[in-house]
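Have a go at each task before reading on.

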Amino acid sequence: MSILVNNIRIPLEAEAEEAFSSACRLCGVARSQVTASVYRESLDARRGTITRVLSVLLDGLEDEKQRVERQNRPDIRYKEPMQAPVPTGTKTLEHRPVVVGFGPAGLFAAYLLAKNGYRPLVLERGEPVEQRDQAVEAFWNGGVFSEKSNIQFGEGGAGAYSDGKLTTRIHDPLSELVLHTLHQFGAPAEILTKAKPHIGTDILKQVVRAMREEILRLGGEVRFRTALTGVIQKNGRLSGIRADGQEIPCEQMIVAIGHSARDTFLQLYDAGIAMEPKPFSVGARIEHLQIEIDRARYGKAAGHPALPPAEYTLSNRQNGRACYSFCMCPGGQVVAAQSEEHTVVTNGMSYHARDGVNANAAVVVSVGPQDFDGTSVFAGMEFQRRIERAAYQVTGSYRAPCQRVGDFLEGRPSRTHGVVRPSYPIGVQYGTLEGVLPAFVLREMRDGLRVFGRKIRGYDAPDALLTGPETRTSSPVRIVRGENRHSVGLYGMIPCGEGAGYAGGIMSAAVDGLSCAAQIMKEYRPWDE
């Protein structure tokens with residue numbers, strides 16, 4: 001049991017012990033009475049002087065709840081210990097549960113099931129992370145594109161090629177379990193305390209591999225290069241699935257296919273699975289010199305060895321839409337993220353060190369069913385595809401359209417780059433984003449960039465670069481599920497994660513994976529062959 005004391009400010013170069021002593025004074029206890037540790041830490045650069053802001057855990061007292069109640073302060077609260085879900089179900093599984101998809105949601109669902117004796121079967125359409133890495137690197141270096149193994153498909157999901165950001169807006173207590181599990185399998189200890197933790201794609205891929213090995217050790221099975229192609233149902237209940245020509249009996253399946261498994265969405269819909277269109281966002285990647293973002297955010301303190309590469313989050317709402325920054329990657333690079341031939345899709349990635357020359361982020365505009373042609377559930381998916389194909393047609397290759405911000409704001413094509421050089425690995429073609437992104441998206445991006453330039457000095461600088469398109473911000477459809485997490489109309493199929501429309505990012509997807517696995521554990525006993 002612990003007391004959590006929030007919002008303790010100390011100078012940038014001060015030791016954590018200064019915060020520990022402050023927490024003890026606020027709680028009216030002697031420092032010698034407790035064990036103190038950092039629970040969360042962030043930096044505050046808003047007041048001209050950069051300070052560390054810490055949340056401190058105090059352990060070792062016997063009357064934590066009573067002390068918190070006596071203090072009656074919003075920054076002091078009682079913290080329950082972290083608890084992992086445990087099996088409580090009594091029903092018998094005839095077949096082991098199946099997890100479809102091995103991104104963050106599927107990975108954590110399979111891990112929790114394996115840890116508790118359910119011995120899941122995992123189906124992943126792509127390759128193990130080792131082979132997947134080779135295919136992605138080969139494509140980025142001018143090789144052949146693979147629709148089966150790319151940034152979207154394969155072990156680790158799309159999150160394996162990202163900044164590995166572990167921030168989330170959800171406040172589910174399972175978030176702490178996700179962080180501790182990632183640390184257990186190789187993520188740095190700092191993710192347990194940083195307010196904005198990240199792993200980096202280099203370390204994240206190692207963590208994914210280590211978790212897979214543990215799932216196998218615990219009796220699970222992983223079949224790569226195996227895509228879900230259909231479901232078998234009887235009287236509204238799942239009785240089996242089809243996967244690459246095989247029929248696999250099962251009565252419980254977690255579907256965590258990610259936001260880009262377009263063919264699987266269609267197959268499930270044809271099988272009568274309830275789906276609905278949902279909003280998402282489209283735009284382009286913007287690149288600045290990281291040192292310029294550091295100077296804008298940190299001022300005179302930029303370059304201080306205690307400061308990480310600066311981040312930002314920006315938003316502008318007008319005309320019933322939001323233009324905002326998304327998936328900001330300090331010291332990272334823009335990467336090729338398509339999952340279909342003859343398309344161009346961009347995303348952002350950075351390694352743990354975040355030591356690249358450029359900062360990048362998506363600048364995207366919200367879109368919804370009202371913007372799509374037609375009334376089909378998959379109109380949003382086709383909206384994405386038209387943009388991606390238009391970009392390929394503009395360049396005639398997998399190179400990405402690229403435009404300097406100054407030219408973009410003035411409505412003229414670019415001929416070359418300025419001080420910011422593009423990091424997109426396959427190469428770019430300078431010109432215009434006109435004809436790639438819809439006119440209303442371009443308009444909102446222009447207005448948003450001007451607003452952002454007033455919030456962060458130099459954000460709308462002429463030499464900043466826009467490389468596009470960014471279309472895979474989230475799933476364009478939602479697989480409808482009920483309060484028990486099962487698919488509406490098909491008991492036994494549990495839609496899960498970002499692709500199903502119930503998460504956005506590594507953390508929320510992992511939490512949803514744990515929650516979906518826990519649903520099976522609440523209903524069924526561990527599987528005994």
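**Exercise 1.** Find the strand order of the open sheet of 5 strands, and say which strands stand at the edges.

*Solution.* Step 1: the order is E7-E6-E5-E11-E23, with parallel pairing; strands (E, at least two residues) and helices (H or I, at least four) are DSSP runs numbered from the N terminus, and two strands pair if DSSP finds at least two bridges between them. A word on the source: this is a predicted model, where local features need pLDDT of at least 70, side-chain atom pairs count only at pLDDT 80 or more, and totals for chains, interfaces and linings use all residues. Residues are numbered from 1 along each chain as its sequence is written, and side-chain values use heavy atoms, with hydrogens and water left out.

Step 1: E7 (221–224) and E23 (493–495) each have a single partner strand, so one side of each lacks a neighbour in the sheet.

Step 2: on average, neighbouring strands here are turned by 20° against each other, direction ignored. Axes are lines fitted to C-alpha atoms, for helices over the stretch in contact, and angles run from 0 to 180 degrees between N-to-C directions.

Step 3: look at one pair, E6 (residues 121–124) and E7, which are joined in the parallel sense over 4 bridges. Leu-121 stands opposite Glu-221 in E7.

**Exercise 2.** Describe how helices H5 and H12 cross, and which residues meet.

*Solution.* Step 1: the axes of H5 (residues 174–184) and H12 (residues 506–523) come within 9 Å and cross at roughly 105°.

Step 1: the two helices are therefore roughly perpendicular (65 to 115 degrees; under 35 is roughly parallel, over 145 roughly antiparallel, the rest oblique).

Step 2: Leu-174, Ser-175, Leu-177, Val-178 and Leu-179 of H5 meet Met-507, Ala-510, Val-511, Leu-514 and Ser-515 of H12; contact means heavy atoms within 4.5 Å.

**Exercise 3.** How many disulfides does the structure hold?

*Solution.* Step 1: there are 0 disulfides, a disulfide being a pair of cysteine sulfur atoms within 2.5 Å.

Step 1: the cysteine sulfur closest to that of Cys-329 belongs to Cys-327 and lies 4.2 Å away, too far for a bond.

Step 2: for Cys-402, the nearest cysteine sulfur is that of Cys-329, 16 Å away.

Step 3: Cys-402 has 0% relative accessibility and counts as buried (under 20% relative accessible area; exposed is over 50%, partly exposed in between, with a 1.4 Å probe and protein chains only).
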